[in-house]
Amino acid sequence: MRQYAFLILLLLASVTVWSQEGDIIDGKVLNDANDVPLENVNIVNLNEVIGATTNKDGEFSIRAKVNDTLYFSYLGFKSIRVRVTNDWLKYGDIKIKMTELGIALEEVVVKPVQLTGYVEVDAKTIPIYDNYRYRISGVNIGYEGGDRSPGAVNKVLSAIFNPADFLYNIFGKRPRQMQKLRKMKEDDEIRNLLATKYDRETLMAVLQLERVDVDEILNNCSYSADFIRTATDLQILDAISECYDEYRVLNRDKRKG
């Protein structure tokens, strides 16, 4: 009898966990102007922080619960947010239509680099970009090449001991949003998406921040203006995550003291 009771409890627990994780929902993304399916549209569940991509027929599948918000983004189209409803779960396939944007591309001038074959001469000719972050294996912190202001640790430390500081207001009052950083780093779909983007839109949507806040976080964490301007969204994600980890460690040490 006890074995049956245990099995029933185990079954109920499994059902509860499954309901918390949500169901697999299906949908199709179309161009609102002509109903043509859109391939490679990026979808992010902002609540669960998981991602998906549409196939060549515009179809996608993603795990979600009722009231979860799905964020759709696609190059040349206006990003949209869609709330998951009971009808979606009940009837299945839902069509999402995205509106195309008119984009005027700025003229890009490509300057050729003519090499002579002499190392000493060519080394002075080839442009060097030093606004990158580097990481040494076995060391938990990274560093950025090029000119930088004082170390991120000092700035984060000052943020903790000064409650009016910007980082305190962002990290200290948004712990749940900042915790999503770890989930974003673990989801391959989202990482692949962020590696190809530079508009910060997905980061802002998940973390519920404005563009100016993202830039200010990196500025307060001692990242250079060149890095903030040129880094991919994936590099920005790693930079904010690194800064937040330092903030948590120093804040924990402060409380112990």
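Reader: Where is serine 73 found?

Author: In this predicted model, serine 73 is found in strand S5, which spans residues 69–74.

Reader: Why is serine 73 called buried?

Author: The relative accessible area of serine 73 is 2%. Buried means under 20%, so serine 73, at 2%, is classed as buried.

Reader: What makes the pairing of the side chains of serine 73 and lysine 197 a polar contact?

Author: The distance between the two side chains is 3.3 Å. A polar contact requires a pair of N or O atoms within 3.5 Å, one able to donate a hydrogen and the other to accept it; the pair formed by serine 73 and lysine 197 is therefore counted as a polar contact.

Reader: Why does arginine 182 count as exposed?

Author: Arginine 182, which lies in helix H6, has a relative accessibility of 52%. The term exposed applies over 50%, and arginine 182 therefore counts as exposed.

Reader: Which residues form the positive surface patch, and which helices each supply at least two of its residues?

Author: The patch is formed by Arg182, Lys185, Arg248 and Arg252. Helix H6 (175–186) and helix H11 (233–256) each supply at least two of the patch residues.

Reader: What makes aspartate 187 a buried residue?

Author: Aspartate 187 is located in the loop between H6 and helix H7 (188–195). Its relative accessibility is 14%; because the limit for buried is under 20%, aspartate 187 counts as buried.

Reader: How many residues separate aspartate 187 from glycine 51 in sequence, and what is their C-alpha to C-alpha distance?

Author: Aspartate 187 and glycine 51 are 136 residues apart in sequence, while their C-alpha atoms are 7.1 Å apart in space.

Conventions: Residues numbered from 1 in each chain as written. Predicted model: local features only at pLDDT ≥ 70, side-chain atom pairs only at ≥ 80, totals over all residues. Heavy atoms only, no water. Patch = residues over 30% accessible without salt bridge, like charges linked within 9 Å, V, L, I, M, F, W, Y side chains within 5 Å. Areas by Shrake-Rupley, 256 points an atom, 1.4 Å probe, with all protein chains shown as cover. Salt bridge = Lys/Arg side-chain N within 4 Å of Asp/Glu carboxyl O. Lys, Arg positive; Asp, Glu negative; His and termini not counted. Charge placed at Lys NZ, Arg CZ, Asp CG, Glu CD. Helix = DSSP H or I, 4+ residues; strand = E, 2+ residues; numbered from the N terminus. Buried < 20%, exposed > 50% of the residue type's maximum accessible area, 1.4 Å probe, protein only.
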